[in-house]
Structure formats: structure tokens, C-alpha cells
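Please consult the sequence and the structure shown below.

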Amino acid sequence: MGCGVGKADRGGFWGWLLILALIPVALQADDGETGSINYLVVDSRVGPFQLIREGASDGGIISDIVDELFHGIGMPVRHHVLPVNRLLYGVAQGQFKHWVAYDAPVWDSFPGRGEYARQPLFQTRHIMLTCNDEVASPVRSMADLEGLSIATLRGFQYLGLDQAAEQGRIRPVPVDDFESGLALVSLQRVDGFVEMASRLRFYLSGFGGDTSCMREVDVSAIIPNYSVYLSMDRQLPAETRRRINQQLDTMARTGRLSQIWRRYVPDELPQEINAKAGH
């Protein structure tokens, strides 16, 4: 879902249906508290959008927005941390009541179940961190990446890049976490690591490896920019959905969404990368 998990991950996800159907669902419907909201949080690899500490939700861009949004309209929020496949399965089966999560039309994580808020939370931009001096900046077409080894997070969607991998035009190197991808770039064992700029910058700030050779390359010609939205349970009362939309509009108009974003995503890259990126 919001991490880019969606259609590309659904083969494995649907394979778990029979097993998951036998496991009690962690989140029970709040039948006694119809005024509360169940906020669904993915348990790993989704920083800085959702952050987890010792198994519990602990801030992040979207989590902070959700908490402030519902505080503004006087509705309590319950955070529920779940593995992504369990979360997707639970929503698909209608097991969660009065839920919100995050999604994007290009992922379509909750078909038939979710309704997008009208105000986007933010827009994505994809980049590649590379130590290969021969990579064009910006990348203007797939021809600029032909034959390169490119790290991406395992199971996530990367639109045009996924198609190029299927056609054999690039050599995909799936990694399980950001630390692994950044390490491969630092050691020059791959030609680059592609992800959302916000996510790479967030994880780069805590990376302990050598960044002196790295530069940031825009790849939006391959993975076009797109917006991320709050997705709402279609079973929410119409008045609740109206209030959510109204509050999000207010947060955007007053600059509050941007302020929360800047808590987590640095405006500037580390100096050595900033200089190479030409920013």
C-alpha cells in the first residue's frame, strides 16, 4: 500500500488467505464506540510516513496528520499496527470497522473498500542514489538506465522500472530494507538505489556508511510523480467523511500539512550529496 506495496505484492498476499482466515484478527470492530476511528499502520519499512517503536505506532508524517486531523474534529483515534498483508486482507474481508489508512490511485490497495479524501497529503518524487558517475542526471528515458543494476525494496511497486526489469532492460536487485540498499550503493555493488526522495533522505540521515561518492538523480521520467491520499472506509457515515475532507482542506490551506512534512524530511541533503545533486 502506501509504501508502494499493492498489485506487485498481491500474488503472495492472496496466497496467505487460507492461512490468515484461521488466525484471529488482531483488530476487532469497535461496535461499542462508533464514534472512534481505526487507523491502520503498516508494521515495517514505511518510514517516515509511519514509524514504529517496539511494535507500537510512534509518529511519522501520516500518523501525525491523522492524529491532528481527528483531534480537530473531536474523534478518538485507535492506532493498529499490522503486517501489510494482514492489513490488506482484513480490509478486503471487511473485518475492520470505521478505518482510515493511506493509499494512492496507482497502488489501489483497497479496491471497492476505500474512498480517497479529496485533498492529497503530499506528492511523491522518485530519485536514484548512485555512485556511478556515468549515470545521466536527470534520467530522461529508460535508455539512460539500460543494463544497470538497480536496488529497490522487495515487493514494492516502481511502475516504469518494474516493466523495464520484466523486459530485461535493467538488472533488479531486491533488498529487504533501506540500510541494505544504501550500503550496496556506498560499496558500489549496484549502480543505484531507487525510491521516493522523501524516504531516501529520511533513511540517509541515519545511515552510518560512507556517502562521499553518492549523488541524487531524478528519475521522475521513469516513475512519474503522484499524490498520496488518506483512504477512508466507505462505510463511514457521510457526515464523518465530509468533516474529514473539510479538516484536511483546512490543514492544507494553513500550511499545516507542509509543516508536519518538514518534521521528518530534510529540505537539504548532506553537504557532499547536495553539491553533486546540483541543488
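At what angle do helix α3 and helix α9 pack, and how far apart are their axes? The model is predicted: local features need pLDDT of at least 70 and side-chain atom pairs count only at pLDDT 80 or more, while totals for chains, interfaces and linings use all residues. Residues are numbered from 1 along each chain as its sequence is written, and side-chain values use heavy atoms, leaving out hydrogens and water.

**Packing of α3 and α9**
- Helix α3 (residues 61-72) and helix α9 (residues 256-264) pack at an angle of about 145°, with axes 9 Å apart; helices are DSSP runs of H or I with at least four residues, and strands are E runs of at least two, numbered from the N terminus.
- Axes are lines fitted to C-alpha atoms, for helices over the stretch in contact, and angles run from 0 to 180 degrees between N-to-C directions.
- In contact (heavy atoms within 4.5 Å) are I61, D64, I65 and E68 of α3 with R256, L257, I260, W261, R263 and Y264 of α9.

**Helix α4**
- Among the buried residues are R86 and Y89.
- G94, which follows α4, has a positive phi near 70°.

**Disulfide**
- C131 and C213 form a disulfide (cysteine sulfur atoms within 2.5 Å), with their sulfur atoms 1.9 Å apart.
- C131 lies in the loop between β8 (126-130) and β9 (149-153), and C213 in the loop between α7 (197-204) and β12 (215-218), so the pair ties together parts 82 residues apart in sequence.
- Both C131 and C213 are buried.

Technical notes
Buried means under 20% relative accessible area, exposed over 50%, partly exposed in between (1.4 Å probe, protein chains only).
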